[in-house]
Amino acid sequence: VGCKAILVFFQYGVMANFYWLLVEGLYLHILLVLIFSPNRHFTIYLLIGWGIPTIFIITWTVTRIILEDTGCWDTNEHGGPWWVIRIPILISIIVNFVLFISIIRILLQKLRSPDVGGNDQSQYKRLAKSTLLLIPLFGVHYTVFALFPDRSSNNYKIIFELCLGSFQGLIVAVLYCFLNSEV
């Protein structure tokens, strides 16, 4: 029971990580689209970040108990329970990628406006810098292996996610907190 409980909390942490990345994307997108929005939607962000993973982890736990209650739940012989977790994570990755593309489009429009000075090269340099800063914030690197089957790309996926995913929090903290004079 202890091993299963630890695995449930682990899966909850993984899913909450993806949904908080989605909340960051939603928040930034709303800031760019609705410039003078007095409502900060904090409760909705909390429900997305903690609530959606809770719903799917409870559903996953129930399906594991009913369909595949063997061992410590660290194997996936039946695909059904695994997809209860996998589909919401894939949806959050795809929505976050769409938000990322939308934000890049908004930044490109703002850089092309006549109010922004500089030549084309400096504008594209600023766009490239903004894009590179947004990649770790949005978790865009997860889209590389998001739609591949686990068995076909497992070795490359582990190396890729360990290299980028493990340092994501550090990269975001350095870029947005430690190097930001406003923080």
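This is a predicted model: local features need pLDDT of at least 70, side-chain atom pairs count only at pLDDT 80 or more; totals for chains, interfaces and linings use all residues.
## Briefing: a protein of helices

Helix α1 passes helix α2 in a right-handed crossing. The contact of α1 with α2 involves 21 nonpolar residues, four polar ones and no charged ones. The protein has six helices and zero strands.

**Overall build**
- Along the sequence, the pattern reads α-α-α-α-α-α.
- The protein has 183 residues, and 34% of them count as buried.
- Its accessible surface comes to about 11600 Å². Carbon and sulfur atoms account for 71% of that surface.
- Take the contacts between residues at least 6 apart in sequence: 68% of these join residues at least 24 apart.

**How α1 and α2 pack**
- Two packed helices are described by the angle between their axes and the distance between the axes.
- Helix α1 covers residues 2-33, while helix α2 covers residues 42-67.
- The axes of α1 and α2 come within 8 Å. They cross at roughly 150 degrees.
- Angles over 145 degrees count as roughly antiparallel, so α1 and α2 are roughly antiparallel to each other.

- Thr-61 sits in helix α2.
- Is Thr-61 buried or exposed? Its relative accessibility is 18%. Buried means under 20%, so Thr-61 counts as buried.
- Which residues does Thr-61 touch, not counting those up to four places away in sequence? They are Val-8 and Trp-73.

How values were computed
Residues are numbered from 1 along each chain as its sequence is written. Side-chain values use heavy atoms; hydrogens and water are left out. Helices (H or I, at least four residues) and strands (E, at least two) are DSSP runs, numbered from the N terminus. Buried means under 20% relative accessible area, exposed over 50%, partly exposed in between (1.4 Å probe, protein chains only). Contact means heavy atoms within 4.5 Å. Accessible areas come from the Shrake-Rupley method with a 1.4 Å probe; for residues, only the protein chains shown count as cover. Axes are lines fitted to C-alpha atoms, for helices over the stretch in contact, and angles run from 0 to 180 degrees between N-to-C directions. Angles under 35 degrees count as roughly parallel, over 145 as roughly antiparallel, 65 to 115 as roughly perpendicular and the rest as oblique. A crossing is left-handed if the near helix is turned anticlockwise from the far one by less than a right angle, and right-handed if clockwise. Ala, Val, Leu, Ile, Met, Phe, Trp, Tyr, Cys and Pro count as nonpolar, Asp, Glu, Lys and Arg as charged, and the others, Gly among them, as polar.
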